[in-house]
Each structure stands twice: as structure tokens, then as C-alpha cells.
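User: I am new to this structure and would like to go through it one piece at a time.
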Amino acid sequence: MQDLLWKNHSSISEFILLGFSRNSQTNIILFNIFLFLYLSTLVGNGLIVTLIYLDSRLHTPMYFFLSVLSMLDMSYVTTTVPQMLVHLICQKKTISYVGCVAQMCIFLVLGITEGWLFSIMAYDRYVAICYPLRYKVIMSPWLCVALVAFCGLWGVSCSLVYTVFTMRLPYCGPNEINHFFCEVPAVLKLACADTSLNDRVDFILGFILLLVPLSFILASYVRIFAAILRIRSAQGRLKAFSTCASHITVVTMFCGPAMFMYMNPGANASPERDKKLALFYNVISAFLNPIIYSLRNKDVKRAFFKATGLGKTPE
């Protein structure tokens, strides 16, 4: 595989990541904003993982999947943001060819895994609401681990396809990537060869990796809402719906921009728009996830107050 990626008649040994702006003052402002977002993402998601580990009442399938999501988010932003921060304050904005391949592959592994994890989380909510008495039997620890492992293996295999199809092309120059990291659509624009096959592969994989899990999520929530409407008490309906609202919000923030990015033909892509979309599903969604889940979740807040001893534990 290394021969396929690095001996592809390419004359480029490194790429230049143009980022967001060439203005130094603008870059300083962006540096402070993204540093705040990055550190907040690590603290917020790290806190959720820690609370779930420490509080035995959170040792349930739903919170197991939430802890996996938080770890994926921390890894996801760490793949791109630290390098972006360095490039915002340094004159040299290069990344080696090998580094670009590695970043692209790792980013795809984490992103694809997270996309399919959302469908698993929707299934978990479906079982919890539609089959509450059998929930613990159906969602056994073994099944939960197996589902997460499936997501990871699917992410690895599909990311290899994306990466090999992208980096097999010759790159003769220029070597300036109009993006803040090595993402497939941005790198393909530099290929000195026909990329129509790549566009078709990207569309097909985008369909499999985004629309298929979204279909699972939609099917789960159709059944969930039908079950919620059969609940007689308004309080019961509100409680059932509140357990799903956070997940729906997070899925929309992540999958919407990603689907627009990876299922759009390369010829129609706008570099500035793609950077904003990537920023949203890579950085902003990871930053907002712990806020969304903690603000709407009494169990997480209760675990936080219990662990820190701050304030009164919410009932």
C-alpha cells in the first residue's frame, strides 16, 4: 500500500495548507477563537467520559455510546486543529506528503465511525422507548461492544478506499491546498489527472456512509415518535422526547454539512464554502456536543454535582 500511495509519479513531497486568511491580524484572532474551541472541546468531552466512568448509574448502553462519541470527538478535532493553530501563527504552513496521507486517513476513520455510531445510538433509543422491559436484555454489554467495533472496522475499511483512490493520482503542482487540513475534496483539486472516477467513488461511498445510516436513524425515530404518541401522560411524552432531542440535534449538525461536502461533485465545490462546512462538522459540532448533552440531561448534571460537590444535586 505504501508503494501505491508514495510512488505514484508525484513530484510533490509536501503540501501548503492555505487555511483561512493571509492577514496576520485576522489569523491571531482566529488562533484565539480556535484555541478556545479546541480546549473547551477537550475539557467538555473529557468531563463527560470521566463522569460516565466514575458514576455507576451512568453505566448503561446509552452512556456507553455517549462516552465513545466523546472520545471520537476529542480525537477528531486533535487530528486537525493543533496543526491549524500552528499554521495560524507561523509563516511555514506546510505538511509533508506522508503527513497529509496520514491526516486524511485518520480523519476519515474517525468521521465515518462517528457517522455510523449515530445510527447505533438511534437504535439504542428505539429499543429503550419501544421495548423498555427488554432493554437491558437486548442491549447487552457484548452487543454494545460489538456494535462499536463494527463502526470502527467499517470506518477503517472505507477510509482506506477513500485515501487510496485519492492519493493514487499524480500530483505535479501547484501544491497549495485551499483548506486548513488534508481533506479529500480539497486535495483532489490538485491532481494533474482526470478525477471523474474519484467523483463517482466519493458519491457512492457518501451514499453508503451517510444516507444509509441516516435512513436507519429516520426509521428508528419514526417508530420512536409513534411510540411516544401512544404515551397517555404529557409528562411521560415529554420525558421520552427529551431523551431523543439531543441526539437529533447532534446528528443534524454533523451529517448535514458532511453529506453536502462528500456527495457534491468536485467541479461544483467552492473552497471557501467547503472550509466553512468542514469547520462546522469537525470543530463546532464536537464543541457543542457536550453542551447539548449535559444541558438537556439530568443524569449527567447529577453526576457532575456529585463528583465535584458543587451545589445541590438536581432531582
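User: What is Ser21 in contact with, leaving aside its neighbours within four places in sequence?
Analyst: With those neighbours set aside, Ser21 is in contact with Thr26 and Asn27, where contact means heavy atoms within 4.5 Å. The model is a predicted one, in which local features need pLDDT of at least 70, side-chain atom pairs count only at pLDDT 80 or more, and totals for chains, interfaces and linings use all residues. Residues are numbered from 1 along each chain as its sequence is written, and side-chain values use heavy atoms, with hydrogens and water left out.

User: Where is Ser21 found, and is it buried or exposed?
Analyst: Ser21 is found in the loop between β1 and α2, helices (H or I, at least four residues) and strands (E, at least two) being DSSP runs numbered from the N terminus. Ser21 counts as buried because its relative accessible area is 18%, and buried means under 20%, exposed over 50% and partly exposed in between, with a 1.4 Å probe and protein chains only. A polar atom of the Ser21 side chain also lies 3.0 Å from the backbone nitrogen of Asn23.

User: Which residues line the second largest cavity?
Analyst: Ser21 is one of them, and the others are Leu17, Leu18, Gly19, Phe20, Asn27, Met84, His87, Leu88, Lys93, His179 and Phe180. On a 1 Å grid over the protein atoms alone, a cavity is a set of points where a 1.4 Å probe fits but cannot get out, a pocket is an open set with protein on both sides within 12 Å along at least five of seven lines, and lining residues have an atom within 4 Å of a point. Helix α3 supplies the largest share of its lining, three residues.

User: And what about the second largest pocket, how much space lies in it?
Analyst: The second largest pocket holds about 250 Å³ of space, a volume being the space filled by probe spheres set on the grid points, which are joined across faces, edges and corners. It is lined by 15 residues, and the closest to its centre are Arg22, Asn27, Cys90, Gln91 and Lys93. At least two lining residues come from each of β1 (14–17), α2 (24–54) and α3 (61–89), with α2 giving the most, three residues.

User: Staying with α2, why does Asn32 count as partly exposed?
Analyst: Asn32, which lies in helix α2, counts as partly exposed because its relative accessibility is 47%.

User: Changing topic, where is Asn198, and what is it in contact with?
Analyst: Asn198 is found in helix α8 (residues 196–229), and it counts as buried because its relative accessibility is 0%. Beyond its neighbours within four places in sequence, Asn198 is in contact with Phe165, Thr166, Arg168, Leu169 and Leu188. A polar atom of its side chain lies 2.6 Å from the backbone oxygen of Phe165.

User: Last one: which residues in the largest nonpolar core touch the most other members?
Analyst: Those are Phe15, Phe65, Phe118, Tyr171 and Ile177, out of 93 residues in that core, a nonpolar core being a set of buried Ala, Val, Leu, Ile, Met, Phe, Trp, Tyr and Cys residues joined through side-chain atoms within 4.5 Å. Helix α4 (residues 97–130) contributes the largest share, 18 residues. Not counting residues up to four places away in sequence, Phe65 touches Leu117, Ile120, Met121, Asp124, Met139, Cys144, Leu147 and Val148.

Conventions: A polar contact is a pair of N or O atoms within 3.5 Å; within protein, one must be able to donate a hydrogen and the other to accept it, and residues adjacent in sequence count only if both atoms are side-chain atoms.
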